[in-house]
Amino acid sequence: MKKVVVLLTIVLLSVNVFASGSQDAGEEQSVPKIVIYNNNGVISGAGGETTSSPEIIAEMRAWVLAETGVDVEVIAPVVGQESQKLNLLLASGAQVDAFWGNWPDFASRNMILPLNDLIEEYGSSIISSWPKESFAAMSDPNGTMWGIPRSTPFMGNPLFLRADWAEKYSLEVPETIEELEEYFAVIKKNEPGAIPLLAEMKGKHGSSGIFQTFLGAFTEYGASNWLDKDGKIKPQELQTGYKEFVQKMNEWYKAGYIYPEFASLNRNIVRDLIKSGKVAANATWYSNVTVPYATTESNNPGINMIFPEGGLSGEYGKAETIKPAGVEGMLISARSEHPEAVIKVMEFFYSNPGNHQVAYMGPENGLWKWTNKDKLQFEILKDRTGYLGDYAFAMGLPMERAVSTDSPQMAKHFAYLGVGTVASGITPDGLDYSRGKMPVDAGVVYDPQVIENDIPGFADLQRMREEEVIKFIMGARPMGEWDNFIEELYSIGLNDWINAYTEMFKSQK
Amino acid sequence: MSITLIKKKIQRDKFLYLLMLPGLLYFLLFRYLPLLGTLVAFKDVAPFDNAATIIASKWVGLKHFESFISSHYFWNIMSNTFALAGLRMIFEFFCPVLLALLINEVRNKYLKKTIQTISYMPFFLSNIVLAGLVFQLLTMNNGVIPAIVESLGGDAIYYLGDSRYFRTVLISAIVWRNIGWGTIVYLAALSGIDPQLYEAARIDGANRFRQTLYITIPSISFAIAIMFILRISVILNQGWEETLLLYNPGVYSVADIIDTYVWRMGLEQMRYSFATAVGFFKSILALVLVVASNVIAKKSGQQSMYK
């Protein structure tokens, strides 16, 4: 009996040791199964702190399978750690057929597939949906297309202000940096607990609001690399006026205008603050204001967040920097066994805005219903709970603008995007490029492999540029040391950076 | 010892060896086989390279190690790593000893149990929850600590974003969570001290402090020494999750340690070979620490982990 117990113990322990390493062999399947890591922002934007209902996910999965013949499993990201989870998944060898990312990072490491042939064969609607510049941004100089676009050039960092507070204190909605400072001072003095300015260093879709919202007012080229008179591309820190910009941010910080946690914000914190109604001015990604606006209004009756009509301006002109058509898009893993299935699924969503609508908001008559299906008009029935848009793979202006609604829940967001206005030809606020400055190197792709080989101190430069500017803004490093900071950048390889970036810029412009 | 004798002994104790087998397999599979992966540090490996590609790829020697050592922030990262490890050694190691001694002095057994139970509780919080609590306590949006500071007439600041306070916050959070659990070994050692020693000391006129100094502490010094060596062996590996969760670019100068650097280089920038080299470099440092502490323990006449 004793021996039996000992043997049983050994077997159980051995099973335990090996259990974690075992993998589901899976059954031979007749339909292709693909796994998509949906880090395109829709899930975290919709309420990434919760998850979709398993029943609705199962229903959506069955719908996609029935319509496309492809079994699609979706992996949801971790809010704030989207790219880290993706890299872990990719490194672990787990099946991930498609995901969203900056294509140069992955193409340079042979991690993704070129899509020209696949899209030509299966993706006619995908091609017709996006403008040429979006595809150009997703292609290398040889014309190889590495992903399905996620964005068009976009005004992603408008300065949303509380117009109701401006009116309360007999102020005009600020249109210049000086007027904005006056607004901050009045809010700071009269609204205890208010956050005069909520700005972020790193946000979704590469948003760095503190720069993209204001830098253009202080420098000629805004939040952008720029071409100096010597014909070389240089980083934004070397622009005339950048030091004055940092100086001004430091003054605002010291005066208590900038929310002190600006260097460590995440989307959930940002949205909670905005919904609380405490934020007098927002310099984070626009959707932090527009998406939860109905809740913000309901929490704060009478609130009115708007941005200056013609944009904010300063000594050097428009303050906001336009977000160019980026290199972020849906990419297909080089390990994918069914890349054609990914494109077929994407084509299904792009072929009919109604399909995207279901993918975005869940099964019809659940959270929403069609009011006029022919005109693609819908009504929102409930707040967004139970389904976060896990299957919304066709995110981006082309599909989002193709439907329309009069429901108040998303009115602010849809108005900014111009949802339902495609036919009218009216330029929506999100596409009104007259409000900002286009980056000098928009459309230029900087190859990470070249960067790694030609700029040995790149990681150090990245850290120093980020860390020291934060310190200057917070006053942890005195502004008197600015010139030393620039010298330090040169001492750790800024010349390598300038030469490598200039070469890549010139080879593409 | 002859082979026949060895076989005989194995035959005799076969079930004991079998019992040992799962543990050995665990260490072989999950602790020793992964060591083969360190060869990535000596090659240029891309994320999707398979084993065959990695083996066939060209050796790059110590390129990645040189790159790390010559990096501008090398000394900053090293000093942060050792500074945080040192602070943890001081506070996270000695605070439980102190607490155990204090708990040992509590005479009411119900109060003693209550204190023990309460002090254990934070240990069961995950790092994520711990970080969430710290954020909630320190946030400038109605955080408790800034509110207290302001109510006392001070100027509250965002302590997690200030390099002057970051380490204090980090170490305090870690100590708070681990202090209770860390007392278990010492309380067990304390329970084994012969009460007659105290009785004799009292007769000789020793007060409570002297009893602690001359009886209690020497009696548990063996446990302290062993725990010290065990802690040193893992000190460079512990605490990085808390740092990763709480730090931000504004405090890199006091918070960026080898592990957070490896995380950024490996998982954010996908520089696997470089990150592996940096991780391997840290492992060598940890090994040196273990050997050194063992030698010191032996030379000072205390227990050592191996001869």
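Mentor: A cavity is a set of grid points where a 1.4 Å probe fits but cannot get out, and a residue lines it if one of its atoms is within 4 Å of a point. The model is predicted.

Trainee: Which residues line the second largest cavity?

Mentor: They are in chain A. The list is A:Pro158, A:Leu159, A:Thr213, A:Phe307, A:Pro308, A:Gly311, A:Leu312, A:Ala319, A:Glu320 and A:Arg435. The volume is about 60 Å³.

Trainee: How does this lining divide by class?

Mentor: Six residues are nonpolar, two are polar and two are charged. Gly counts as polar, so A:Gly311 goes there with A:Thr213. Glu and Arg count as charged, so A:Glu320 and A:Arg435 make up the charged pair.

Trainee: Which element gives the most to the lining of the largest cavity?

Mentor: H5(B), with four residues. By class, this lining has eight nonpolar, four polar and two charged residues.

Trainee: What makes a pocket something other than a cavity?

Mentor: A probe cannot get out of a cavity, whereas a pocket is an open set with protein on both sides within 12 Å along at least five of seven lines. The second largest pocket holds about 1,200 Å³. It has 27 lining residues, with B:Arg31, B:Leu35, B:Asn237, B:Gly279 and B:Ser283 nearest its centre.

Trainee: Which helices supply at least two residues of that lining?

Mentor: H2 (14-32), H14 (258-268) and H15 (272-299), all of chain B. H15(B) brings the largest share, 11 residues.

Trainee: Where does the second largest pocket lie, and how do you know?

Mentor: Check the domains. Chain B is divided into domain 1 (1-39) and domain 2 (43-299). Both give residues to the lining, so the pocket lies between them. The centres of these two domains of chain B are 33 Å apart, taken over C-alpha atoms.

Trainee: What is the domain assignment of chain A?

Mentor: Domain 1 is 33-152 + 326-400, domain 2 is 156-321 + 407-442, and domain 3 is 445-509. The centres of domains 1 and 2 of chain A are 28 Å apart over C-alpha atoms.

Trainee: What makes domain 1 and domain 2 of chain A count as being in contact?

Mentor: The cut-off for contact is heavy atoms within 4.5 Å. There, 19 residues of domain 1 of chain A are in contact with 14 residues of domain 2 of chain A.

Trainee: Now the sheets. What is the strand order in the open sheet of three strands?

Mentor: E15-E16-E17 of chain A, with mixed pairing. E15 (368-372) and E17 (404-405) each have a single partner strand, so they stand at the edges, with one side of each left without a neighbour in the sheet.

Trainee: Which residue takes a positive phi in the hairpin of E15(A) and E16(A)?

Mentor: A:Leu376, near 55°. Four residues lie between the strands of that hairpin. Helix H17 (353-361) of chain A lies across E15 and E16, at about 155° to E15(A).

Trainee: What is the order of the four strands in the other open sheet?

Mentor: E6-E9-E5-E10 of chain A, again with mixed pairing. E6 (198-199) and E10 (305-306) are its edge strands, as each pairs on one side only.

Trainee: How do you know that E5(A) pairs with E10(A)?

Mentor: Two bridges join E5 (160-162) to E10(A), antiparallel. The cut-off is at least two, so the pair qualifies. In this pair A:Arg162 stands opposite A:Met305.

Methods: Residues numbered from 1 in each chain as written. Chains lettered and ligands numbered in written order. Predicted model: local features only at pLDDT ≥ 70, side-chain atom pairs only at ≥ 80, totals over all residues. Heavy atoms only, no water. 1 Å grid on protein atoms, 1.4 Å probe; cavity = no way out; pocket = protein on both sides within 12 Å on 5 of 7 lines; lining within 4 Å. Points joined across faces, edges and corners; volume = space filled by probe spheres on them. Domains from an automatic or database assignment. Axes fitted to C-alpha atoms, helices over the stretch in contact; angles between N-to-C directions.
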